[in-house]
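Dear colleague,

I am handing over the structure below, and my notes on what was found in it follow. Please read them with the structure open beside you.

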Amino acid sequence: MSGRDLFCQPRRLRRGAALTLVFASVLVAGAATGSLPGAGPKATADGARSAPAGHHTEVSEAAREAMAEGTSPVEAAQRAVSRSGDRWAAVYSPGEYEEFEEALDGQYTGVGLWARARDGRIEVTRVGGGSPADRAGIRVGDRLRSVDGADVDGRPVTEVVALLRGDSTDAPAGTRVRLGLERGSRTWTETVRRARLSRESVAVRELAGQCTVVTVGAFTKGSGEQVRKAVRRAPAGAGIVLDLRGNSGGLVAEAVTAASAFLDGGLVATYDVDGEQRALHADPGGDTVRPLVALVDGGTMSAAELLTGALQDRGRAVVVGSRTFGKGSVQMPSRLPGGSVAELTVGHYRTPAGRGVDGRGITPDVETDDAALERATTVLRGLGQQDAPRP
């Protein structure tokens with residue numbers, strides 16, 4: 001993995017939960033974390049095979065038997081899930097699932113870091129303004145060497161997430177976490193307190209030369225409409241750079257709404273649930289005229305890849321950056337006895353041209369790693385010149 005949002009996801013991110021994106025999770029028990037007409041799955045990362053339809057029943061039975069025996073239904077369900085061979089399946093306790101829903105509302109517990117794995121080391125790619133990390137003076141480009149004395153070099157970013165959030169000890173906001181850091185030739189240790197934070201998922205800024213940068217950190221509730229408003233409010237004639245770097249996913253319905261900002265209806269993606277094909281469509285009336293560049297990297301995942309694939313396949317955007325993560329398997333969440341939630345993979349989604357994303361990611365039209373934003377704005381200017389009337 002080459003990128004990961006370190007605080008948008010819920011605590012205890014493991015297996016499928018570590019790489020989860022909500023497709024419209026209407027639970028069997030009636031609770032919901034999102035809405036998507038006619039569907040109730042979630043999407044997770046690459047490499048998972050569709051789970052047998054009856055396996056939800058097996059997991060539920062394991063939880064029910066554990067309750068009858070006076071043992072932990074969550075642990076019993078986790079064991080049943082691990083036997084399924086579904087790499088990204090997961091079980092949430094009721095409290096964990098509640099935190100997941102809060103995360104999709106833009107609430108999270110953490111220190112305020114985005115990071116990616118680069119050359120086997122963890123590099124800070126963004127620091128949340130006013131966050132504990134920001135107050136401690138941590139900067140973009142710093143290397144994270146250790147968390148509470150545990151070396152993080154060579155570890156998947158999801159494991160680093162668990163250490164930062166204190167998952168193994170169920171650490172709440174206010175607890176201390178010790179970070180080993182490196183900046184150039186300097187190494188030091190910084191102790192910060194985890195905090196309950198909120199985030200604005202969409203940020204907009206204007207650059208010189210008729211360019212509006214719309215950065216989407218995650219597809220939380222309302223983010224799609226924020227993208228549409230940003231496009232409507234952009235200066236006349238300005239091109240758009242849609243910055244999806246480090247976007248680890250979120251609500252697919254919000255990604256579809258964001259796609260609607262740039263498309264005049266039509267197909268955004270298809271997906272299957274236990275073999276039944278379904279489709280996602282953009283709303284009509286989007287801006288199809290402004291030059292558009294989608295900026296991505298190895299931390300662009302799930303819903304962000306779905307959006308990128310739609311814009312690329314339909315010829316609406318030039319994609320600039322590095323290959324995306326490659327995560328697009330569909331999971332169905334169901335409520336278990338005792339209130340926990342199990343997720344098992346039931347299908348996959350595809351781009352409008354029928355491309356699978358799992359394990360492949362999306363290859364940019366213009367590949368670049370360093371100075372990616374500068375390259376994106378250069379491409380954008382070229383698109384604007386192509387669209388300009390000739391004398």
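Predicted model: local features only at pLDDT ≥ 70, side-chain atom pairs only at ≥ 80, totals over all residues.

The crossing of the two is right-handed, meaning that the near helix is turned clockwise from the far one by less than a right angle. Helices here are DSSP runs (H or I, at least four residues) and strands likewise (E, at least two), numbered from the N terminus.

On the side of helix 8, Val 252, Ala 255, Ala 258 and Ala 259 meet Ala 303, Leu 306 and Leu 307 of helix 9, with contact meaning heavy atoms within 4.5 Å. These residues divide into 7 nonpolar, no polar and no charged (Ala, Val, Leu, Ile, Met, Phe, Trp, Tyr, Cys and Pro count as nonpolar, Asp, Glu, Lys and Arg as charged, and the others, Gly among them, as polar).

Helix 8 (residues 252–260) also packs with helix 7 (residues 223–233), their axes coming within 7 Å and crossing at roughly 10 degrees, which makes helix 7 roughly parallel to helix 8. This crossing, too, is right-handed. Ser 223, Gly 224, Glu 225, Val 227 and Arg 228 of helix 7 make the contact with Glu 254, Thr 257, Ala 258 and Ser 260 of helix 8, and by class they come to 2 nonpolar, 4 polar and 3 charged.

The lining of the largest pocket has 8 nonpolar, 8 polar and 10 charged residues, and strand 6 (113–118), strand 7 (121–127) and helix 10 (372–387) each supply at least two of its residues.

As to conventions, residues are numbered from 1 along each chain as its sequence is written, and side-chain values use heavy atoms, leaving out hydrogens and water. Local features need pLDDT of at least 70 and side-chain atom pairs count only at pLDDT 80 or more, while totals for chains, interfaces and linings use all residues.

With best wishes

Key. Axes fitted to C-alpha atoms, helices over the stretch in contact; angles between N-to-C directions. Parallel < 35°, antiparallel > 145°, perpendicular 65-115°, else oblique.
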